[in-house]
Each structure stands twice: as structure tokens, then as C-alpha cells.
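Dear colleague,

Please find below the sequence and the structure for your files. My notes on the model follow directly after them.

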Amino acid sequence: MSAQNPVPGALPALRFGYGTNGLADLRLDDALSLLADLGYSGVGLTLDHMHLDPLAPDLAARTRRVAQRLDALGLGVTVETGARYVLDPRRKHGPSLLDPDPDDRARRVDLLVRAVQVAADLGAHAVHCFSGTLPQGTDSGTAWKRLTEALTPVLDAAATAGVPLAVEPEPGHLLSTLADFHHLRRALGDPEPLGLTLDIGHCQCLEPLPPADCVREAAPWLRHVQIEDMRRGVHEHLPFGDGEIDFPPVLAALAATGYQGLTVVELPRHSHAGPHFAARSLPFLRHAERAAAAAAPPSPAPALQQAAPPHGAPSTTPEGSSTP
């Protein structure tokens, strides 16, 4: 039975990836080779000084080389922008889209626009970003205004490139919940390129709904998924089995939405043992996926008299983090 389809006919298989922010001690090529060897479908590529530095010279040429390597290894990719110190060596995740200094906000906007171009060149399915924390002395109304204004050129770039921008609700940030995402969506006029990054651990940490219900509620806007274990009220990314999440219902809900982007393991504080946790995480997720499929009600049998589509007619069967 294929690992890509553990229980045929039950639920569509999910595509699991692993984030390079959890493999920061490996060269990028070594990290990609490791993930391909372990059987991952893709990678969450955080643009950072050690992995496809977005600010170093010859970005386009370096991106082409990474694209060729991804293609050779058969890995999908999403581009993540949660590097801690890529813009400022003294301020974690700074400057942000909420920074009081307009020039600093512009630096973050430039990074995100670069990320969109990198994503387009890599054939990535989404670009991830987050809002940033509320700066001291800034009221929330001003912060939301800055956020919507700063994201506008990024969304324009995303529309031109044909790559969705997937905003992540991040605990402690201005945009920290699904409700906040919907506030942003309405404030921007519900633009087509705007989507959602859903971090399953963050749902466990602070959303009022259980994680599986969060998945169902988020489904229409879901463009990227991050996954790890977590405990209620504690924003700490944990290896699977070390937290409180019941994963089979979450994966069943995710598969039922038809989501076919990457579901990326997000363990940024475990790079010291990144290969170990990468090797351990995929079997855990596949086991949880099989448990979800086994618990799902059987699919209705197809009608025996249903005529096949005429030759040449289209088939009716559809085809195929930020960090604390």
C-alpha cells in the first residue's frame, strides 16, 4: 500500500513537508537531499542567510539552482519569511510591517516582494508571512492601517506572479487569530491573492475552537499549513507526541477540505537534532493519517450503471512558521 495513499478510497493523501528553519545547521542542498531520502513531498523554505539568502547578490541565479535541485529531487516547495534576523541582526523578526518608521516598513515590504518573485521562480504554491507584534506606543487602529497599506504592494506582486500570499496568525502578534485574519481580509476588500497559513499548533495554543474545527472553518482561505504539537496556552513548538493535539481528527479534517498544498512540520528550535526529528516526524504523521482514514466512514459505492465519459471528454475525477 503506497505511503502516498494509505487507504485508497477513504481520504485523499496529504503532502507533508519539513521546514528548513528546523534544519538550520545543514547546508540547503544537504537538507533537501535528506527530506527527499526520508520520503517527504516537499519543503518549507525559509529565506535566510544560511538558506537562499534573499539579500545576497545573484538571487535570481541562486534561485534557479535551487529550483533545479527541487525538480531533480521531486520536492514541492512553499516560501516562508519568518527568519529571525535576516533584516536586522539585533531585532528578532524586525523590522515588521507595523514598524513606526516607514523606511523600516518598506524594508519588510521589499523582502516580501522578493519572496514572491523567488516563489514564482521556484514554482512554490504559496508565500507565507505574518504581521509582527504591536510596537510600543502604537494603538491597534494605527497598526491595522499600517498593515493593510504595507501588504497592498505585496498582494499586487502576488497577483502578478500568480502566487498566493498566505498570512499566518501568530500568537503575540497583531494578527494572532483566525478572527484577526478575517478582519484583515475585510479591511483589504477580500483580494483574491490573499490566503491563510494555518499553524495547527497555534490553533491548540489559543483558538477557541479545537484544531480540527479550525481547519474546517479556515478551509476556503487555506493556502499553507504548518504542523507541530503544542499545549493549550503555551506557544512552544513541540515534537509530535510531546503536546496535547489529537492528530487523526486534524488530518481527517484537512484531507476532507481537499487541500493539496504542503503541510509543513515546524520545529525551529530543534535544529540541533534536525535530521532526527525530520526522520521521526513523517512516520508519525503517516500513522496518524492512516488512523484518520480508518476511522472515516466508507465512501459510497459507485453506481454500477454509470456510463463512462465518451472518448476525449473531460474526466469527472479531479486531478491531484514563523517561529516563537
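Leu-52 is located in the loop that joins strand 2 (42-46) to helix 2 (59-73); helices (H or I, at least four residues) and strands (E, at least two) are DSSP runs, numbered from the N terminus. Its phi is near 50°, a positive value in a residue other than glycine. Leu-52 is buried, with a relative accessible area of 8%; buried means under 20% relative accessible area, exposed over 50%, and partly exposed in between (1.4 Å probe, protein chains only).

The model is a predicted one, in which local features need pLDDT of at least 70 and side-chain atom pairs count only at pLDDT 80 or more, while totals for chains, interfaces and linings use all residues. Residues are numbered from 1 along each chain as its sequence is written, and side-chain values use heavy atoms, with hydrogens and water left out.

His-93 belongs to the loop between strand 3 and helix 3 and is buried, at a relative accessible area of 11%. Pro-95 is found in the loop between strand 3 (76-80) and helix 3 (102-122), and the peptide bond that leads from Gly-94 to Pro-95 is cis, with omega near -15°.

In soluble globular proteins, nonpolar side chains tend to be buried together. Not counting residues up to four places away in sequence, Val-79 touches Leu-45, Leu-47, Ala-115, Val-118, Ala-119, Leu-122, Ala-124, Ala-126, Val-127 and His-128, where contact means heavy atoms within 4.5 Å.

Pro-193 lies in the loop between helix 5 (178-187) and strand 6 (194-199) and counts as buried at 11% relative accessibility. Leaving aside neighbours within four places in sequence, Pro-193 is in contact with Leu-155, Ala-158, Ala-159, Pro-164 and Leu-165. Pro-193 and Ala-166 are 27 residues apart in sequence, and their C-alpha atoms are 8.4 Å apart in space.

Two further pairs concern partly exposed residues. Thr-142, in helix 4, counts as partly exposed at 30% relative accessibility; Thr-142 and Leu-98 are separated by 44 residues in sequence and by 8.7 Å in space, C-alpha to C-alpha. Gly-39, in the loop between helix 1 (28-38) and strand 2, also counts as partly exposed, at 32% relative accessibility. Gly-39 and Leu-75 are 36 residues apart in sequence and 9.5 Å apart from C-alpha to C-alpha.

As to helix 8 (residues 247-256), the buried residues are Phe-247, Val-250, Leu-251, Ala-253, Leu-254 and Ala-255. Helix 8 packs against helix 9 (residues 274-295) at an angle of about 75°, with the axes 8 Å apart; axes are lines fitted to C-alpha atoms, for helices over the stretch in contact, and angles run from 0 to 180 degrees between N-to-C directions. The two helices are therefore roughly perpendicular to each other, given that angles under 35 degrees count as roughly parallel, over 145 as roughly antiparallel, 65 to 115 as roughly perpendicular and the rest as oblique. On the helix 8 side, Phe-247, Pro-248, Leu-251 and Ala-252 meet Phe-284, Leu-285, Ala-288, Glu-289, Ala-291 and Ala-292 of helix 9. The residues of this contact divide into nine nonpolar, no polar and one charged; Ala, Val, Leu, Ile, Met, Phe, Trp, Tyr, Cys and Pro count as nonpolar, Asp, Glu, Lys and Arg as charged, and the others, Gly among them, as polar. Just after helix 8, Gly-258 takes a positive phi of about 85°.

Finally, a search of the whole structure finds zero disulfides, a disulfide being a pair of cysteine sulfur atoms within 2.5 Å. The sulfur of Cys-205 is 9.9 Å from the closest cysteine sulfur, in Cys-203, which is too far for a bond. Cys-214 is likewise in no disulfide, and the nearest cysteine sulfur, that of Cys-203, is 3.8 Å away. Cys-205 is buried, with a relative accessible area of 7%, and Cys-214 is buried at 0%.

With kind regards
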